[in-house]
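Here is a brief report on one protein chain. Look at the overall fold before turning to the local details.

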Amino acid sequence: VIKCKAAVAWEAGKPLSIEEVEVAPPKAHEVRIKIVATAVCHTDAYTLSGADPEGCFPVILGHEGAGIVESVGEGVTKVKKGDTVIPLYIPQCGECKFCKNPKTNLCQKIRVTQGKGVMPDGTSRFTCKGKQIFHFMGTSTFSEYTVVADISVAKIDAAAPLDKVCLLGCGISTGYGAAVNTAKVEPGSTCAVFGLGGVGLAVIMGCKVAGASRIIGIDINKDKYAKAKEFGATECISPQDSKKPIQEVLVEMTDGGVDYSFECIGNVGVMRAALEACHKGWGLSVIVGVAAAGQEISTRPFQLVTGRTWKGTAFGGWKSVDSVPKLVTEYMSKKIKVDEFVTHTLPFDKINEAFELMHSGK
């Protein structure tokens, strides 16, 4: 058993608490990882807020991390002690019907137990003050050591800077893949990206890599426009600058609508606007943002009858174990940006400040 520091969420709506936790050794087909760096994501904040129907407490949150394998359990063959790895919230077992289908990346092998906050055998590897602590998204990167299933880990280039590539565990991969895998953006096309946070910037990057000629960024926070342009946005607009609905503004700006639109916020009203901003006959809108539990999307069926397509994406459509190492290689060869997504680097015990910076849009 390893004793180490972790940021524990004891209950919903309260700040994280830095505690000493015990991390049990890995069982069969499990891997214990020394986490070197982790990022914070709105998904962590969503669960911490208490709005997540799958949220269990007390829990160690975090799902964008990178580290070094400390030890492996029985039967683990893909990684060994000392390997550099990224934990994966969507695993890839290679055996279930989802993994065998090229149309999806949503491996279901451990989905049920992962959603309940436990390891595949139904138990937790974390204890604190004599209490069992739940796992989160199969990763729990807000701990100096964590235990994950062996199908939830990708071995990456040992030379990669872990304080940067941890972002490939969720946000950057999600947005980039939404453009290149889910939408399959074409050269010369026009795109609209709603929400210019980390995921939205990654979508812009994907659209640019795919050769889009016009990329319109949409956000009410104008402080985000300069960064969006650095990533490839050709122009940025705010929905608050017009009396007309944003979809009408975009349709007028683009002679009938955009070829591709992306919703990167998790707001069902914006999801409708993103669809309706698409061009009749061929426009495609991708939902990337995660809406709150129980919410529903709506539009007039005529929008779809007249040739628009509405799609969703999870982790950018990447088959995780296969793709994450390739994304790290793309970053190392400067095909994709990662460093530019990092605005602040804080010590682990200031993790609550990191959440404040995220909520304030900084």
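## Contacts and fold

A contact here means heavy atoms within 4.5 Å. On that basis, residues 24 or more positions apart account for 71% of the chain's contacts with a separation of 6 or more. The model is predicted.

The secondary structure comprises 12 helices and 16 strands.

## Size and packing

How does the radius of gyration of the chain fit a compact globule? For 362 residues, such a globule would have a value near 21 Å. The chain has 20 Å, so the two agree. Along its principal axes, the C-alpha trace spans about 65 × 40 × 35 Å.

Of the 362 residues, 54% count as buried. The accessible surface of the chain is about 16000 Å². Carbon and sulfur atoms make up 53% of that area.

## Charge

The chain carries 41 positive side chains and 38 negative ones. The centres of the two sets lie 3 Å apart.

## Cysteines

How many disulfides does a search of the whole structure find? The search finds zero. Cys41 is in no disulfide, and its nearest cysteine sulfur, that of Cys170, is 4.2 Å away.

Cys236 is in no disulfide either. For Cys236, the nearest cysteine sulfur belongs to Cys207, 13 Å away. Cys236 counts as buried because its relative accessibility is 14%, and the cut-off is under 20%.

## Backbone details

Which peptide bond is cis, with omega near -5°? The bond in question runs from Phe57 to Pro58. Pro58 sits in the loop between helix H1 (42-49) and strand S4 (59-60).

Ser140 is a residue other than glycine with a positive phi, near 45°. The loop that holds Ser140 lies between strand S8 (131-133) and strand S9 (145-149). Is Ser140 buried or exposed? Its relative accessible area is 0%, so Ser140 is buried.

Lys334 also has a positive phi, near 65°, without being glycine. Its loop lies between helix H11 (320-332) and helix H12 (351-359). Lys334 has a relative accessible area of 74%, so this residue is exposed. Set side by side, Ser140 is buried, whereas Lys334 is exposed.

Notes:
Residues are numbered from 1 along each chain as its sequence is written. This is a predicted model: local features need pLDDT of at least 70, side-chain atom pairs count only at pLDDT 80 or more; totals for chains, interfaces and linings use all residues. Side-chain values use heavy atoms; hydrogens and water are left out. Helices (H or I, at least four residues) and strands (E, at least two) are DSSP runs, numbered from the N terminus. The radius of gyration is taken over C-alpha atoms; the globule rule is 2.2 Å times the number of residues to the power 0.38. Buried means under 20% relative accessible area, exposed over 50%, partly exposed in between (1.4 Å probe, protein chains only). Accessible areas come from the Shrake-Rupley method with a 1.4 Å probe; for residues, only the protein chains shown count as cover. Lys and Arg count as positive and Asp and Glu as negative; His and the chain ends are not counted. The place of a charge is taken as NZ of Lys, CZ of Arg, CG of Asp or CD of Glu. A disulfide is a pair of cysteine sulfur atoms within 2.5 Å.
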